[in-house]
Amino acid sequence: MAATVATPVTPTEHESDRCGSEEECRGAEAEEESSQQQIGPAATVTHTRLSKLPLARIKALMKTDPDVSLASQESVFIIAKATELFVEMIAKDAMVYAQQGKRKTLQRKDLDNAIEAIDEFAFLEGTLD
């Protein structure tokens, strides 16, 4: 049985030497990825999004704050990711209470119980009233 050994490929030139700016590097990477993908119904491309929430809507919500005049794409992405993690955390904690009640569906009382029981959610007390 023959064993295969994977060796890392080192680039011949540094990324900073190849691109003049960060935007040019991103554009070059996007062009490389799009040229490698197949076109047509036979293409099996798995497209994974980094954020599950719509970034344009989050940016619009951020701009409703009078203190925010500009919002960079990086800041919008960070807010979106933090929101996803927050929703996931509170949903998992509320799910514990739903399972204690032998249910598979989250109800408002499960969220209320999670908010009351966990100190991290103390700032949410009274918001669902």
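Student: Helices here are DSSP runs of H or I with at least four residues, strands are runs of E with at least two, and numbering goes from the N terminus. Which helix is the place of Glu84?

Tutor: Glu84 is in helix α4. Some ground rules on the numbers. This is a predicted model, where local features need pLDDT of at least 70, side-chain atom pairs count only at pLDDT 80 or more, and totals for chains, interfaces and linings use all residues. Residues are numbered from 1 along each chain as its sequence is written, and side-chain values use heavy atoms, with hydrogens and water left out.

Student: Fine. What does the secondary structure of the chain come to?

Tutor: Five helices and zero strands. The elements run α-α-α-α-α from the N terminus on.

Student: Back to Glu84. Buried or exposed?

Tutor: Glu84 counts as buried, at 13% relative accessibility. The cut-offs: buried is under 20% relative accessible area, exposed is over 50%, and partly exposed is in between, with a 1.4 Å probe and protein chains only.

Student: What is Glu84 in contact with, leaving aside neighbours within four places in sequence?

Tutor: Ser51, Lys52 and Leu53. Contact means heavy atoms within 4.5 Å.

Student: And which residue forms a salt bridge with Glu84?

Tutor: Lys81 does, with the closest N and O atoms 3.5 Å apart. The criterion is a side-chain nitrogen of Lys or Arg within 4 Å of a carboxyl oxygen of Asp or Glu. Lys81 and Glu84 are both in α4, three residues apart, about one turn of the helix. Lys81 is partly exposed at 31%.

Student: How many salt bridges does a search of the whole structure find?

Tutor: Four. One of them joins the side chains of Glu88 and Lys92 at 3.1 Å, N to O. Those two are also both in α4, four residues apart, about one turn of the helix. Glu88 is partly exposed at 39%, and Lys92 is exposed at 53%.

Student: Which residue does Arg103 form a salt bridge with?

Tutor: Asp110, with the closest N and O atoms 2.8 Å apart. Asp110 is buried, with a relative accessible area of 0%.

Student: New topic: helix packing. At roughly what angle do the axes of α3 and α4 cross?

Tutor: Roughly 100 degrees, and the axes come within 9 Å. For reference, α3 covers residues 55–63, and α4 covers residues 73–100. Axes are lines fitted to C-alpha atoms, for helices over the stretch in contact, and angles run from 0 to 180 degrees between N-to-C directions.

Student: What does that make α3 and α4 to each other?

Tutor: Roughly perpendicular. That label covers 65 to 115 degrees; under 35 is roughly parallel, over 145 roughly antiparallel, and the rest oblique.

Student: Which residues in α3 meet α4?

Tutor: Leu55, Ile58, Lys59 and Met62. On the α4 side, they meet Gln73, Ser75, Val76, Phe77, Ile79 and Ala80.

Student: Where is Ala71 found?

Tutor: In the loop between α3 and α4. Ala71 is buried at 10%. Not counting residues up to four places away in sequence, Ala71 touches Lys59, Met62 and Val76.

Student: What about the surface? Which residues form a nonpolar patch?

Tutor: Phe86, Val87 and Phe123, with about 290 Å² of accessible area together. Patch members have over 30% relative accessible area and no salt bridge; like charges are joined within 9 Å, nonpolar side chains (Val, Leu, Ile, Met, Phe, Trp, Tyr) within 5 Å. Areas come from the Shrake-Rupley method with a 1.4 Å probe; for residues, only the protein chains shown count as cover.

Student: Is Val87 buried, partly exposed or exposed?

Tutor: Partly exposed, at 46%. Phe86 is also in α4 and counts as partly exposed at 30%. Leaving aside neighbours within four places in sequence, Phe86 is in contact with Phe121, Phe123 and Leu124.

Student: Last one. What share of the 129 residues is buried?

Tutor: 13%. The accessible surface is about 11000 Å², with 57% of that belonging to carbon and sulfur atoms.
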